Amino acid sequence: LLPTVIIVGRPNVGKSALYNRLIRRREALVYNTPADHVTRDIREGIAKLGDLRFRVLDSAGLETEAASGSILQRTTSMTANVLARTQFAVFLIDVRAGLHPLDMEVGKWLRKHAQGINPIIAMNKSESLCDGVGSIADAADEARMLGFGDPIAISAETGLGMTALHDALQPLI
Ligand code: GDP
Ligand code: MG
């Protein structure tokens, strides 16, 4: 059985962009589970990252919860089922935007509902910092405040930092 990695984060941080980069054309299936008033979608595919192969989940449904501001209140059986078979998480933030209150909510949600999962923080859109918008070190200091350890700098769009992501996941997987 392949290990499973879920990509989490508030809307627009680049979860789907990272998912698409990791799976290319290897998408397996899409879950559509209506729950409460929200339809949650979780896309699942087989990721290849260097010599690593793992199942990867794009958590669009959790994003909907974050956007509604009720991420901590609503845990569905689907979410619980998904988390029960997930060992790892990549917690994405948008390095251009800086820390956002919804990033804190996602962090709280992970602590509450994903205790067995050790997330890796990834600062996405890091290619934008090369243009002098800000420094990676400052962004990393900020990201550490989420309390999940040292962040890695990536770009789902350009592929920057995929080796760092591999090296962060490899000892876990
Ligand atoms: P999601 O809502 O978290 O799934 O985010 P998306 O994958 O839909 O991306 C949101 C926006 O960020 C889109 O306009 C993407 O093109 C953009 N985006 C995603 N990854 C990157 C990146 O690495 N660099 C930059 N500059 N933009 C990105
Ligand atoms: Mg998405």
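Helices (H or I, at least four residues) and strands (E, at least two) are DSSP runs, numbered from the N terminus. The exercises below concern a predicted model.

**Exercise 1.** Determine which helix or strand gives the most to the shell around ligand 1, and how the shell divides by class.

*Solution.* Begin with the shell itself: 16 residues surround ligand 1. The closest of them are G14, K15, S16, A17 and E157. Next, consider the elements: α1 gives the most to this shell, with three residues. Finally, sort the shell by class: four residues are nonpolar, seven are polar and five are charged.

**Exercise 2.** Carry out the corresponding analysis for K125.

*Solution.* K125 belongs to the loop between β6 (118-124) and α5 (136-144). Its phi is positive, about 70 degrees, although K125 is not a glycine. The count for K125 is 24 other C-beta atoms within 10 Å. A residue is buried if the count is 20 or more; therefore K125 is buried.

**Exercise 3.** Identify the buried residues of helix α6 and explain how they are arranged around its axis.

*Solution.* In α6 (residues 162-169), the buried residues are L165, A168 and L169. These residues lie on the same side of α6, because they cover an arc of only 90 degrees around the axis.

Terms used. Residues are numbered from 1 along each chain as its sequence is written. Chains are lettered from A and ligands numbered from 1 in the order in which they are written. This is a predicted model: local features need pLDDT of at least 70, side-chain atom pairs count only at pLDDT 80 or more; totals for chains, interfaces and linings use all residues. A residue is buried if 20 or more other C-beta atoms lie within 10 Å of its own, exposed if 12 or fewer, and partly exposed in between; C-beta atoms are placed from the backbone. The arc is that of the directions from the helix axis to the C-beta atoms. A residue is near a molecule or strand if its C-beta atom, placed from the backbone, lies within 6 Å of it. Ala, Val, Leu, Ile, Met, Phe, Trp, Tyr, Cys and Pro count as nonpolar, Asp, Glu, Lys and Arg as charged, and the others, Gly among them, as polar.
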